[in-house]
Amino acid sequence: MAPKKFYHDDPAWSDVEPIPQDDGGPYPLAAIAYTDEYREAMSYLRAVMAKNEASQRVLALTEHIISMNPAHYTVWLYRAKTLSALSVPLSEEIAWLNPTALRHIKNYQIWHHRQTIINQLGSPKGESDFITSMLAQDSKNYHVWSYRQWLVQRFNIYTDEELAWTESMIDEDIRNNSAWNHRFFLVFGKSKDAIPSQEIIDRELDYAKSAIRKAPQNQSPWNYLRGAVRHVKLPVSTLKQFALEFADTEKPDEVFSSHALDVLADVYAEEKGMEEQARRALELLAERYDPIRKQYWNYRMGLLGEGRVV
Amino acid sequence: MAAPASSSASSSKLERLSATSRTKDLTDSDSEDMVLVAAHQEAENAKYIKSVTSPLQDLLSTQTWQVQEETLEAVLPYLEGNPNDFDLNTFGIPKLQRIQHVRFLNNALQKYPAAFMAIDASRPWFLYWSLQGLTALGQDISDYDERVVYTFAASQHPSGGFGGGHGQLPHLAATYAALLSLVIVGTPEAYASVNRSTMYSFLGRMKQADGGFTMALNGEEDIRGAFCALVALSLLNLPLELPPDAPVREQGLTSFLDGLTDWISRCQTFEGGISASPGQEAHGAYAFCGLGCLSILGSPKDTINKHLDVPSLLHWLSSRQCAPEGGFNGRTNKLVDGCYSHWVGGCWPLVEAAVGKGIANRAALGRYILSAAQFKKGGLIDKPGKRPDAYHSCYNLAGLSAMQHEHKYDETKSGEVGKEGLGGPYHWQQDGLYGGEKVWDDDDMLNRVHPVFIVPWGKAEACRGYFEEQGSL
Ligand SMILES: [Zn+2]
């Protein structure tokens, strides 16, 4: 543990008049009994912010406060502002940030700060490896995945290498929906209306299908499959033969995936004269294979007569 | 529960129960009856759990599967039995522990020791969660009125908006929590404490060229920003035209609403849910923010149907209900968590108003909240094994309240308040109590909560009415 640091007796800070904390009137709610060290450091931060000071000592002060409370957006934002005013080498900031981030993995101010710095630095070098090491600790961390998506977009990293890495994340846990989302983002997300080549569409459908065969109740690849079909504007009937591998309304005792029944219900709802089959699939879901969502399946049954499809 | 059990289904449970040390203390026949009742109840619960469990299970083991199994192991004893020894309601599940939750939330407003320094930037949230939770529980919070106003006076920033505390930069999350707290207080002093004109200028600085909003100057842009900004614009009855000094005017934008609905549409993902910003993963909390935005922009029936793909949204939203737990998770293949009782549960009234049908399994969520999300000593939790906090207390209660009440949207917008501008959310009407399958008694009822603002019923309308009377800036 670092020794306590105070400013009132530090000659380097003698020119600063600290602004003391106001918790909000004589009887503030949810006030915090700060340590003297934190309370004083914050008083000096308020003072330098009031003067809009950008200096090396401000950087040291923000580092000190972050070490005590990394969940403090004001300190991070003011540090970013100071860094850009001082034009200090940003690679040093990243080097300092790495161990800090590893200590506070759930903290998302750190990720936004990192994004600000890397954006100014103009290079994603080393970032992929760093992200991978963070995901090794928390494989579904929303901020880490979001940061990775920003990185891909900012530096145009829609590469085979990125796709292969995503695949390795799915291989590690085929139910990691964040990894599936990243794959969709890479393949289909580059622009809203861009439709990839037939070859890529086939590759993606095959990829999701083979994942489903390993664990047919895993909803991630089913959502991927349906999302891909919808995105490239293919009819849902594209998935009929595949869904029949896992469920058949004629064989209600041999269902291996509720998600297959769900797909079949949509396929039959669109198919002429197959409304009864659609109803059967939804009944099987409501009564037997996914009873917690009974109201939802019933709602879909109610749509059948209306010529509307889910 | 009424009569003791004699069904054969409960007999094995009964034997197991009789063998435990619990029976040692019981001497009189009343206690023996209680044991019988408990055993019967456990059998009933076990039957229920079976009835909502899908027979389909994949055995392929991965990390997701392992934590899911652990979670089920932690939750099931609470769904089946009564490890907290709570009094049971007539449905045989734990009663709402009102007194203990009130005590917990009152405590959450008191002074925190130094170990809580990490909440220094989130103090506004602790006020909001506690006040909202207390009012949902039927508590009068007027003793806190003045202190709330004073506390936020210190965190209002001279340049507009609220920060986490004194001298902290203005931030939309803090602004949202502060405004809602002041709305709950609802006194003229509370309303008047907000500096509308600097707020207007702060909101102008948050607007981005792509249609969305950042949370702070040079902060992250995500759908929370859009929602918090719309909440402030609407409650304070601010002009929709951007302030003259809004930086984004240089890019040709003139209104807070420019590009907004397109941006929100882009947040809907291939799964049907809504993400923090375009391209990211669909997530329950961001879904509520997105649907909240649309419900401020107009009638949910108009806006949700117009700007979102509703069939895939319904598919994703209904998939959030975990079986057999009954509570919600926030993303595909994640774990049940009591705070999604609101983030996902709160999506349902908005979406159901858009499609005109009830779709959520309200009883299953109620069961999760009452059986598994109440902490023995008060406060509500994520899941069994976790500690209570104000956040999970507020949002479990908001979710339960949403399940207990019916609301309908007055498409004719006949009310006096909210005729113009972002007046959409002031036309909700009470529509009685939920009449479907339920698991709560009168004693377990919570107060009605506004489906968009998550404040006590009537408070948002009162605030908007006040600022409509004040006129434009
Ligand atoms: Zn939670």
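**Entry 1: the interface**

I began with the contacts between the chains: 48 residue pairs, both at pLDDT 80 or more, are in polar contact across the interface of chain B and chain A. A polar contact is a pair of N or O atoms within 3.5 Å; within protein, one must be able to donate a hydrogen and the other to accept it, and residues adjacent in sequence count only if both atoms are side-chain atoms. This is a predicted model, where local features need pLDDT of at least 70, side-chain atom pairs count only at pLDDT 80 or more, and totals for chains, interfaces and linings use all residues. Residues are numbered from 1 along each chain as its sequence is written, chains are lettered from A and ligands numbered from 1 in the order in which they are written, and side-chain values use heavy atoms, with hydrogens and water left out.

I then looked for salt bridges (a side-chain nitrogen of Lys or Arg within 4 Å of a carboxyl oxygen of Asp or Glu). The rule finds one across this interface. B:Arg123 forms a salt bridge with A:Asp23, with the closest N and O atoms 4.0 Å apart. On the side of chain B that touches chain A, α14(B) gives the most, with six residues.

I counted contacts too (heavy atoms within 4.5 Å). They link 82 residues of chain B with 73 residues of chain A.

**Entry 2: helix α14 of chain B**

Buried means under 20% relative accessible area with a 1.4 Å probe, protein chains only. Nine of the 10 residues of α14(B), residues 310-319, are buried, so the helix is largely enclosed by the rest of the structure. Among them are B:His315 and B:Trp316. The cover includes α11 (219-231) of chain A and α16 (347-355) of chain B.

**Entry 3: A:Ser178**

I found A:Ser178 in helix α9 (residues 177-188) of chain A. A:Ser178 is buried, at 1% relative accessible area. Its side chain makes a polar contact of 2.7 Å with that of B:Glu281.

I listed the donors (N, O and S atoms within 2.8 Å of the metal, or 3.2 Å for Na, K and Ca; water is not among the atoms, so sites may look incomplete). B:Asp337, B:Cys339 and B:His392 coordinate the zinc ion at 2.1 to 2.5 Å. B:Asp337 lies in the loop between α14 and α15 (340-343) of chain B and B:His392 in helix α18 (residues 390-404), so the pair ties together parts 55 residues apart in sequence. B:Asp337 is buried at 12% relative accessibility, and B:His392 is buried at 10%.

Note on methods
Helix = DSSP H or I, 4+ residues; strand = E, 2+ residues; numbered from the N terminus. Buried < 20%, exposed > 50% of the residue type's maximum accessible area, 1.4 Å probe, protein only.
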